[in-house]
Amino acid sequence: MSENLSVLSKAARAEKHLDPFPYAVIRNALPDDIFAGLSAAYPRIETIAGSGVLKNNTLYLKSAREVVDHPVYPAPWRAFFAYHCSRTFYLETLDFWREELRATHAAIEHTHGKRFDDFTCGMRRLGDRDNPENRREDIQLDCQFGVNSPVEQVTSVRGPHVDTRYKLFAAILYFRSDGDDSSGGDLEFYRYRDPALRFRPGEPIDVGFVNRCPARALNRIEPAYVEKVTTFTYEPNTLVMWLNTPQSIHGVSPRARTRWPRRYVNFLGESYGGKQDGFFATKRQRGLRDLLPRPHFVTRRRGTG
């Protein structure tokens, strides 16, 4: 039964890509009966966000530590979360991404002093990297309910960005509600417009890469610096999974006004140990003006109309 719970149970039919960064798509990722049961038991938004007034198109999360031992959540969901925070799932993920991991994060086994296969793993505790308990294992796994609240004002819940440097992989599985007739809320992948800044598959990541990027911060990249490569429609039982690199730029398309929440589950693996602080650097050493590599990024020059 547990193997049917895995979002990688149909990995053999995955659509894998390396451009603009390593990612994969699995449609109808879970068996129909399992997905239908989980979808019907998906918690109400108030259970995840609380009973207060919901903000417009805002993300609310509930992590595995808050779910697996809490009886308010149905038993199938608690089992689903526990499985995706297990070593069994980590090894599934490792097998799925082994070649790409060694190409994109070649130095990580060295900085941890062990092979990926020998990494210890556990369920991520609350507090992320600020919780010293999260340094006990090499990889911290988490599974999260993610809900975007209804929309009164058309917005994107989040524009182009790269996830924290402590994240090794991420995935999202959509649980769109039956009858949801809303538009937007699709996952988008981007690349930098300047080819000189793009990641080169097969080469180790340069930990100084971010210091040369013309972006204000990896967690908020100006849209002018990127171009959209592909879009994943917000469709039920669709899994999108990717490796986190300095090039793993993603965001969500604007959502139109709707009473429907946007429902999904997040999957992730993070590491807060090793000799290197994270899988790539994020601290900038110089100002934006010093980093603009080509004049075509500048749309207006001082002294001109």
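In what follows, Ala, Val, Leu, Ile, Met, Phe, Trp, Tyr, Cys and Pro count as nonpolar, Asp, Glu, Lys and Arg as charged, and the others, Gly among them, as polar. The model is predicted.

Rolling a probe the size of a water molecule over the atoms shows where empty space is left. In this model the largest pocket holds about 900 Å³ of space. Its lining is made up of 40 residues, and those nearest the centre of the pocket are Arg-158, His-161, Asp-163, Thr-164 and Lys-167. By class, the lining has 18 nonpolar, 11 polar and 11 charged residues.

Which strands each supply at least two residues of the lining? They are strand 3 (59–63), strand 5 (139–148), strand 6 (167–174), strand 10 (249–252) and strand 11 (262–270). Strand 11 gives the most, with 6 residues.

Strand 11 is also largely enclosed by the rest of the structure, because 9 of its 9 residues are buried, where buried means under 20% relative accessible area. In a regular strand the side chains alternate between the two faces of the sheet. From strand 11, Arg-262, Tyr-264, Asn-266, Leu-268 and Glu-270 point one way, while Arg-263, Val-265, Phe-267 and Gly-269 point the other way. Residues of both sets are buried.

Two other strands of the lining pair with strand 11. Strand 5 runs antiparallel to strand 11 over 9 bridges, and Val-147 has Arg-263 of strand 11 as its bridge partner. Strand 6 is likewise antiparallel to strand 11, joined by 7 bridges; here Ala-170 stands opposite Leu-268.

Notes
Residues numbered from 1 in each chain as written. Predicted model: local features only at pLDDT ≥ 70, side-chain atom pairs only at ≥ 80, totals over all residues. Heavy atoms only, no water. 1 Å grid on protein atoms, 1.4 Å probe; cavity = no way out; pocket = protein on both sides within 12 Å on 5 of 7 lines; lining within 4 Å. Points joined across faces, edges and corners; volume = space filled by probe spheres on them. Helix = DSSP H or I, 4+ residues; strand = E, 2+ residues; numbered from the N terminus. Buried < 20%, exposed > 50% of the residue type's maximum accessible area, 1.4 Å probe, protein only. Pairing = 2+ DSSP bridges.
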